[in-house]
Amino acid sequence: MPEPDASPGDLTPLGVWPGTPYPLGATYDGAGTNFSVFSEVAESVELCLIGRDGAETRIPLDEVDTYVWHAYLPTIGPGQRYGFRVHGPYDPEQGLRCDPSKLLLDPYGKAFDGDFDDDPSLHTYGLDSLGHTMTGVVINPFFDWGADRPPNRPYHETVIYEAHVKGMTMTHPDIPDELRGTYAGIAHPAIVGHLKSLGITAIELMPVHQFLQDRVLLDQGLRNYWGYNSFGYLAPHNGYAASPRGGAAVTEFKAMVRALHAEGIEVILDVVYNHTAEGNHLGPTIAFRGIDNAAYYRLLDKDPSRYMDYTGTGNSLNVRHPHTLQLIMDSLRYWILDMHVDGFRFDLAATLARELHDVDRLSTFFDLVQQDPVVSQVKLIAEPWDVGEGGYQVGNFPGQWTEWNGKYRDTVRDYWRGEPATLGEFASRLTGSSDLYEATGRRPSASINFIIAHDGFTLRDLVSYNEKHNSANGEDNRDGESHNRSWNCGVEGPTDDPDILALRAKQSRNLLATLVLSQGTPMLAHGDEMGRTQHGNNNVYCQDSEIAWMDWSLLKSNEDLFDFTRHVIALRTAHPIFRRRRFLEGRPIRSKDHARDIAWLTPAGEEMTPADWDSGFGKSLTVYLNGLGIPEPGPRGERITDDSFLMCFNAHDSALDFVLPGADYGAEWSVALDCSIPDGLSDASYPASATLPVPARCLLVLRCPA
């Protein structure tokens, strides 16, 4: 139920107590609320309580400890709307932007109410922004978690599903209209059941921190759909709540996490700590800029009226300042301890490592994460790049981190579309990218393998379009990546040609199977299991519409693809050979039978030579995975054994005969997965040394019982 719309109540001198500087933000303890805000530049700060009629009551915060302004109000409880006004110097040329006419949002706000209307008061000094901006809301922190506990799924057993709260739930026929596009929609049995049926162990939600809509998009009839425009780092976005008023979003988010945990599914949040929604020097003043501009943002050394921009969004958070670092760390701990999430994917994470200009993997932020007893124990995933010079940092993050492996994405796309000279790198990516991660003591699971993510083509579009088609975004098709490593299989976009449709379907299966059966941690993008399309738009950041939402009717028309995806994930889940905890060695293991863990064979069944690896035209190989050659023990120290597998990769445009290895490798091989078949299932089997035709552009997986 919505929180009550409280009034300020009794604010006599006895109704304002000194309070404490920590915790920052508005903290209700069951009797009253402590308010606390940091500003080093402020000369005075007022707490502003907003009544149900919009009237404002201002309370001077007279208590200041180390630049933290605070008070405790025993009469104030959940549902109270509030903000701050900061009095201090206003000199933009020196980076000083205090303006007491601005009602400022709490950087530690746990819920927000209302909306922004882009009134001139948000941009102009001296104009009062009350009534044109959102307000913070005091929340009730108490929630019945019942028996909830984190699934604590190890990385090597994890299958991640990147999803958008609204996009995944807006068209599902079994979700009630009032729950579509909401946290409650994600928690609905229809969505949870879909994830369970697929074999997903973790859902990675695109940004759910409270974010701001861009006026330039709204004026074009578009919206900020992705949400990479945060300003409330402790608040779930109220637009994704079935009841957006008060603190209802907090309760609904917690209930969603509880429901997913009950089915063993972890919740990972895509977080945007690299910039805020206030944009460049022309953007609105809604929070950080007016509270302490120079503390929260990276300003240009030679022109502090402007912002450093490593993100392409107008500003970069100042991770050199202790209070900005504290905000990030307090936010992370809050989502873990109070909201029970299981990990984070850090957007443009290289920006967080820029203490000066260069990316430094030993920066203060990573030191703090390393030593934090709470944050260090959850899943930490970096998007290891930003748009600044030297920002591409795949493989360079500290040992505790996993990374979106952009090199994996690029290599696998190139291999299956037939690019030359990719065989050697393809083998490295298939086996966990030891060249990127082993030197820092990391395991194969440090590689978050993905082929498709929110940014770019969907899987179906990757095999249907050579060029982006982003005209609906209103930027004359200039936005979005132009080099997609895609292949339309002969025709751009929709076609009725059955041969092209069959080839596109097979290419989709090849890509999915390669992803799921590679060493490392696989990540799928929502809807790819049912052929979701964005009609060639590879940048739907502004498309809050059917263009970007999942079309659940595809689940019926593409049932074979869904079944194929389920089968290949089930294959990975059932066989530890595909999810090794340690890197494959590729040489005899010190054991009684000197069994190899992996061997690389030509289609003729012979071991690969350096010449085979270096041939620019080579597009086919067989990978032997020995189920008796797994050296790492199980969780109780037990020896792990598995069936052995052959993975026959043929990226040529014609069928090739593959010769199976001799009896030393296995006596009888049955087909575990055939990407030329719609659901991937086959009952074919072959003896050792047999010759079998592998269709053009096809992955065939064979199994030999242990």
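How many bridges join β10 to strand β11, and in which sense do the two strands run? Keep that in mind for the third stop.

**Before you start**

This is a predicted model, where local features need pLDDT of at least 70, side-chain atom pairs count only at pLDDT 80 or more, and totals for chains, interfaces and linings use all residues. Residues are numbered from 1 along each chain as its sequence is written, and side-chain values use heavy atoms, with hydrogens and water left out.

**Stop 1: the whole protein**

Show everything as a cartoon. The protein has 16 helices and 29 strands. Both are DSSP runs, numbered from the N terminus: helices are H or I with at least four residues, strands are E with at least two. The radius of gyration is 27 Å, close to the 27 Å that the globule rule gives for 706 residues, so the protein is as compact as a globular protein of that length. That radius is taken over C-alpha atoms, and the rule is 2.2 Å times the number of residues to the power 0.38.

Switch to the C-alpha trace. Along its principal axes it spans about 90 × 55 × 50 Å.

Now show the surface. The protein exposes about 26300 Å², and carbon and sulfur atoms supply 51% of that area. Accessible areas come from the Shrake-Rupley method with a 1.4 Å probe; for residues, only the protein chains shown count as cover. Of the 706 residues, 60% count as buried. Buried means under 20% relative accessible area, exposed means over 50%, and partly exposed lies in between (1.4 Å probe, protein chains only).

Contacts come next; a contact means heavy atoms within 4.5 Å. Among contacts with a separation of 6 or more, 72% are between residues 24 or more positions apart.

**Stop 2: the start of the chain**

Select Y22 and P23. A cis peptide bond joins them, with omega about 5°. P23 sits in the segment before β1 (25-28).

**Stop 3: an open sheet**

Select β4, β3, β7, β11 and β10. In that order they form an open sheet of five strands with antiparallel pairing. Two strands pair if DSSP finds at least two bridges between them. Which strands form the edges? They are β4 (56-60) and β10 (112-113), each pairing on one side only.

Zoom in on β10 and β11 (residues 135-137). Here is the reply to the opening question: two bridges join them, and they run antiparallel. Find F112, which stands opposite G136 in β11.

**Stop 4: helix α3**

Select residues 189-198. In this helix A190, I191, V192, H194, L195 and L198 are buried. An α-helix has 3.6 residues a turn, so residues three or four places apart point the same way. Step just past the end of α3. G199 takes a positive phi of about 100° there.

**Stop 5: T351**

Move to the loop between β17 (343-346) and α8 (364-371), where T351 is found. Is T351 buried or exposed? T351 counts as buried because its relative accessibility is 3%. Show what surrounds T351. Leaving aside neighbours within four places in sequence, T351 is in contact with N274, Y310, T311, S316, V319 and D386.

**Stop 6: helix α10 and what follows**

Select residues 423-430. Six of the eight residues of α10 are buried, so the helix is largely enclosed by the rest of the structure. The buried ones are L423, F426, A427, S428, R429 and L430.

Just after α10, G432 takes a positive phi of about 105°. Then click S433, in the loop between α10 and α11 (434-437). S433 has a positive phi of about 60° although it is not a glycine. At 0% relative accessibility, S433 counts as buried.

**Stop 7: N477**

Go to the loop between α12 (459-462) and α13 (498-517) to find N477. N477 is a residue other than glycine, yet its phi is positive, near 65°. At 28% relative accessibility, N477 counts as partly exposed.

**Stop 8**

Select residues 668-674. Five of the seven residues of β26 are buried, so the strand is largely enclosed by the rest of the structure.

β26 and β27 pair in the antiparallel sense over three bridges. Look at W669, whose bridge partner in β27 is Y686.

Which residue of β29 is the bridge partner of L673? Pick V701 to see that partner.
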